[in-house]
Amino acid sequence: MSLVEALSQLFPISFEHHSLELVDESVDADSGEVYGGRSATPEGGLVATVRLVGWDVQGEERSMRDIKEQRVTIVAAEHLEDPRVPAYLEGLAAALNLAFARVDETIADKGHGALSDRLAEAMPYEFFPGDVLALRRPQTAEDFSDALLTNRKRLGWLLP
């Protein structure tokens, strides 16, 4: 399975108040091989257009409150050959699922607050911290998930 296919199987990540999706669209001719709006090139790494959606929930009804799309590097070019990339992608998806679930729990318990405001200001690139593959210690999906969630500069800011 290619990295593009592995990434495609992990998204969308969707919860009641927020979702993160990969967007299918054309890629510029100089971006390299295209697969459903995502490209994997030696120059640009694994790149995708990501959509972050904020939802307003009123009882059973849900409507889009905010939508942001941005071209994001998921895996930098220097890490494409790293054998840990599939574990990283799996760990990233697990970390995002856990964080979004906790955000929804916090909103359900306490209502919209500072974290929800921070999410409303967030841009899609903030959910794909590229520095984790530079670490030597993470080897498994769980290791990557822990590394992402325990650092506030990565995804730890999502945890209430």
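Mentor: A residue counts as buried when its relative accessible area is under 20%. Please keep in mind that the model before us is predicted.

Trainee: With that cut-off, what percentage of the 160 residues in the chain do buried residues make up?

Mentor: Buried residues make up 47% of the chain, while the accessible surface comes to about 8,500 Å², with 48% of that surface belonging to carbon and sulfur atoms.

Trainee: How many helices and strands does the chain have, and what pattern do they follow along the sequence?

Mentor: The chain has four helices and six strands, and read along the sequence they follow the pattern α-β-β-β-β-β-β-α-α-α. Of the contacts with a separation of 6 or more, 66% are between residues 24 or more positions apart.

Trainee: Leaving aside its neighbours within four places in sequence, what is Leu20 in contact with?

Mentor: With those neighbours left aside, the contacts of Leu20 include Phe11, Val50, Leu52, Leu96, Phe100, Phe127 and Phe128.

Trainee: Several of those are aromatic, so how many aromatic pairs does the structure hold?

Mentor: The structure holds four aromatic pairs. One of them joins Phe11 and Phe128 in a tilted arrangement, 6.0 Å centre to centre with 35 degrees between the planes, and it links the loop between H1 and strand E1 (13–14) to the loop between helix H3 (114–121) and H4, 117 residues apart. Both Phe11 and Phe128 are buried.

Trainee: Why is the pair of Phe100 and Phe127 edge-to-face?

Mentor: Planes over 60 degrees apart count as edge-to-face, and the planes of Phe100 and Phe127 stand at 80 degrees, with ring centres 5.7 Å apart, so the pair is edge-to-face. Because Phe100 lies in helix H2 and Phe127 in the loop between H3 and H4, the pair ties together parts 27 residues apart in sequence. Phe100 is buried with a relative accessible area of 2%, and Phe127 is buried with a value of 0%. Together with Trp157, Phe100 and Phe127 form one aromatic cluster.

Key: Residues are numbered from 1 along each chain as its sequence is written. This is a predicted model: local features need pLDDT of at least 70, side-chain atom pairs count only at pLDDT 80 or more; totals for chains, interfaces and linings use all residues. Side-chain values use heavy atoms; hydrogens and water are left out. Contact means heavy atoms within 4.5 Å. Helices (H or I, at least four residues) and strands (E, at least two) are DSSP runs, numbered from the N terminus. Buried means under 20% relative accessible area, exposed over 50%, partly exposed in between (1.4 Å probe, protein chains only). Accessible areas come from the Shrake-Rupley method with a 1.4 Å probe; for residues, only the protein chains shown count as cover. Rings of Phe, Tyr and Trp (its six-membered ring) pair if their centres lie within 6.5 Å; planes under 30 degrees apart count as stacked, over 60 as edge-to-face and the rest as tilted.
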